[in-house]
Amino acid sequence: MSQPGKRAVPNDLTVGQMARRAGVAVSTLHYYEAEGLIQSWRTPANHRRYDRRELRRVAVIRVAQSLGIPLAQVRELLDRLPKGAAVRKQDWADVSALWRDEIDQRLALLNRLRDQLDHCMGCGCLSLENCPLYNQGDALGRQGPGPQRWLPGQRDAPEKEA
Ligand code: FES
């Protein structure tokens with residue numbers, strides 16, 4: 001979000017300088033800004049400027065993306081930090097601790113999938129009954145064919161409207 005009327009600071013960065021320093025495309029900065037992840041301000045000539053502290057926010061976003069953390073979660077975390085303030089070492093430590101659990105869960109899931117893939121290697125059946133990757137934990141499939149939750153008299157069937 002822009003901050004119209006902010007006093008010019010010589011160390012503030014143009015969008016091109018910011019993009020080069022952050023290692024991202026200008027369009028990426030515009031996208032992050034539109035998503036409320038970073039902010040800029042405008043000069044009297046309507047040129048976009050970034051406080052160089054925004055570089056740390058871009059670094060956090062890039063690291064999160066490399067870890068597969070959705071932007072919505074990144075925004076949630078960046079929103080906890082004061083706007084316009086630098087991301088401090090302790091902020092980053094707190095954020096990375098929160099993401100650690102999620103990354104551990106993803107790793108566990110990927111390990112399970114890898115182990116199941118070993119079972120499927122060279123098979124190619126993609127069987128609904130037997131393939132653990134294609135139809136994981138198909139509890140309803142054991143009750144028979146068809147839309148089990150929609151059959152009359154079945155548990156969990158949606159109630160009919162009057
Ligand atoms: S492809 Fe045959 S069991 Fe998965």
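Which helices do the buried residues of helix 4 pack against? I began my notebook with that. I found helix 2, helix 3 (54-66) and helix 5 (89-120) as the packing partners. I kept in mind that this is a predicted model.

**Entry: overall layout**

I listed the elements next. The protein has five helices and three strands. Along the sequence I read the pattern β-α-α-β-β-α-α-α. I then looked up burial. Of the 162 residues, 24% are buried. The exposed surface comes to about 11300 Å². Carbon and sulfur atoms supply 54% of that surface. I also checked how far contacts reach along the chain. Among contacts between residues at least 6 apart in sequence, 55% join residues at least 24 apart.

**Entry: helix 4**

I went back to helix 4 and asked which of its residues are buried. They are L71, V74, L77 and L78. Viewed down the helix axis, these buried residues fall within an arc of 120 degrees, so they line one face of helix 4. An α-helix has 3.6 residues a turn, so residues three or four places apart point the same way.

**Entry: helix 2**

I repeated the check on helix 2. Here L29, Y32 and E33 are buried. Down the axis of helix 2 the buried residues keep within an arc of 100 degrees, so they too line one face of their helix. What lies on the other side of helix 2? I found S27 and A34 there, both exposed. The buried residues of helix 2 pack against helix 1 (15-22), strand 3 and helix 3. G36 follows helix 2 and has a positive phi, near 80 degrees.

In what order do the three strands stand? I read 1-3-2, in an open sheet with antiparallel pairing. Strand 1 (13-14) and strand 2 are at the edges with a single partner strand each, so one side of each has no neighbour in the sheet. I noted the general rule for pairing. Strands of a sheet pair through backbone hydrogen bonds, either parallel or antiparallel. I then counted the links between strand 2 and strand 3. Two bridges join this antiparallel pair. I picked W41 and looked for its bridge partner. The partner is R49, in strand 3.

**Entry: salt bridges**

How many salt bridges are there? I counted seven. The closest N and O atoms of R48 and E33 are 2.8 Å apart. I checked the cover on E33. Its relative accessible area is 8%, and E33 counts as buried because the limit is under 20%.

I turned to E35 and R75. Their closest N and O atoms are 2.6 Å apart. E35 lies in the loop between helix 2 and strand 2 (41-42), and R75 in helix 4 (residues 71-79), so the pair links parts 40 residues apart in sequence. Are these two residues buried or partly exposed? E35 is partly exposed, at 27% relative accessibility. R75 is partly exposed as well, at 23%.

R114 has a relative accessible area of 46% and is partly exposed. D115 is partly exposed at 44%.

**Entry: a nonpolar patch**

Which residues make the nonpolar surface patch of about 350 Å²? I found L126, L128 and Y134. L128 lies in the segment after helix 5. L126 is found in the segment after helix 5 too. I looked up exposure for both. L128 is exposed, at 55% relative accessibility. L126 is exposed, also with a value of 55%.

**Entry: positive phi**

I finished with backbone angles. Most residues other than glycine have a negative phi. N46 is another non-glycine residue with a positive phi, of about 65 degrees. I placed N46 in the loop between strand 2 and strand 3.

Terms used. Residues numbered from 1 in each chain as written. Predicted model: local features only at pLDDT ≥ 70, side-chain atom pairs only at ≥ 80, totals over all residues. Heavy atoms only, no water. Salt bridge = Lys/Arg side-chain N within 4 Å of Asp/Glu carboxyl O. Buried < 20%, exposed > 50% of the residue type's maximum accessible area, 1.4 Å probe, protein only. Helix = DSSP H or I, 4+ residues; strand = E, 2+ residues; numbered from the N terminus. Arc of directions from axis to C-beta. Contact = heavy atoms within 4.5 Å. Patch = residues over 30% accessible without salt bridge, like charges linked within 9 Å, V, L, I, M, F, W, Y side chains within 5 Å. Areas by Shrake-Rupley, 256 points an atom, 1.4 Å probe, with all protein chains shown as cover. Pairing = 2+ DSSP bridges.
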